Amino acid sequence: MEIKDEFFPGIKKIEFRPDAGPEDTMCFKYYNASEMIMGRSMEDWLRFSVCFWHSFRGTGADPFGFPTVQRPWDDGSNSLKNAERRLKAAFEFFSKLGNKYWTFHDRDIAPEGATLAETNNNLDKIVDLAEKLQQQTGVKLLWATCCLFAHPR
């Protein structure tokens, strides 16, 4: 399984550029993953992860307003196909950012179904895709947890 679509065209892997000026964007000026500090690399000291909910599922809404985030790959549906697109976009993002880890809630990555059996089947399919994308990119799961607060069940 490969990420075939490119969701962030024109954006290459973010690089360390210590000489970057204010006009330079999409680079790390201070974070050098391979720099050694007290016998360990910065990458070992700073285990950054991207939280799937905040970066790929949050809508930008707050108590006083409406959703403001628009993602071209997300059709707004609760379909399995849309969940697959979100996950592929996320792994492209993780890879271009150079993140080694990601995190999620179960319902963030897989849609609820009409029944518990369908819900579980959706999660199984998305977990299989996540495993393939992890193997392809080398991005590892730092933690995952159950969303036990968003469904009346």
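Which residues lie nearest the centre of the largest pocket? Good morning. Before I answer, please note that the structure before you is a predicted model.

The residues in question are Phe28, Tyr31, Ala33, Leu97 and Gly98. They belong to a lining of 17 residues, and the pocket holds about 300 Å³ of space. Sorted by class, this lining comprises nine nonpolar, five charged and three polar residues.

Let us turn to the second largest pocket, whose volume is about 210 Å³. Here 13 residues form the lining, and those nearest the centre are Trp53, Arg107, Asp108, Cys147 and Ala150. Two helices, helix 2 (52–57) and helix 4 (106–109), each contribute at least two residues to that lining. Its classes are six nonpolar, four charged and three polar.

Is His105 buried or exposed? Its relative accessibility is 17%, so His105 counts as buried, the cut-off being under 20%. Leaving out residues up to four places away in sequence, His105 touches Trp53, Thr145, Cys146, Cys147 and Phe149. Please recall that Trp53 and Cys147 are among the residues nearest the centre of the second largest pocket.

The other residue is Arg86, in helix 3, which covers residues 80–97. Arg86 has a relative accessible area of 4% and is therefore buried. Which residues is Arg86 in contact with, once neighbours within four places in sequence are set aside? They are Phe52, Phe56, Arg57, Trp73, Asp74 and Ser77.

Thank you for your attention.

Technical notes
Residues are numbered from 1 along each chain as its sequence is written. This is a predicted model: local features need pLDDT of at least 70, side-chain atom pairs count only at pLDDT 80 or more; totals for chains, interfaces and linings use all residues. Side-chain values use heavy atoms; hydrogens and water are left out. Helices (H or I, at least four residues) and strands (E, at least two) are DSSP runs, numbered from the N terminus. Buried means under 20% relative accessible area, exposed over 50%, partly exposed in between (1.4 Å probe, protein chains only). Contact means heavy atoms within 4.5 Å. On a 1 Å grid over the protein atoms alone, a cavity is a set of points where a 1.4 Å probe fits but cannot get out, and a pocket is an open set with protein on both sides within 12 Å along at least five of seven lines; lining residues have an atom within 4 Å of a point. Grid points are joined across faces, edges and corners, and a volume is the space filled by probe spheres set on the points. Ala, Val, Leu, Ile, Met, Phe, Trp, Tyr, Cys and Pro count as nonpolar, Asp, Glu, Lys and Arg as charged, and the others, Gly among them, as polar.
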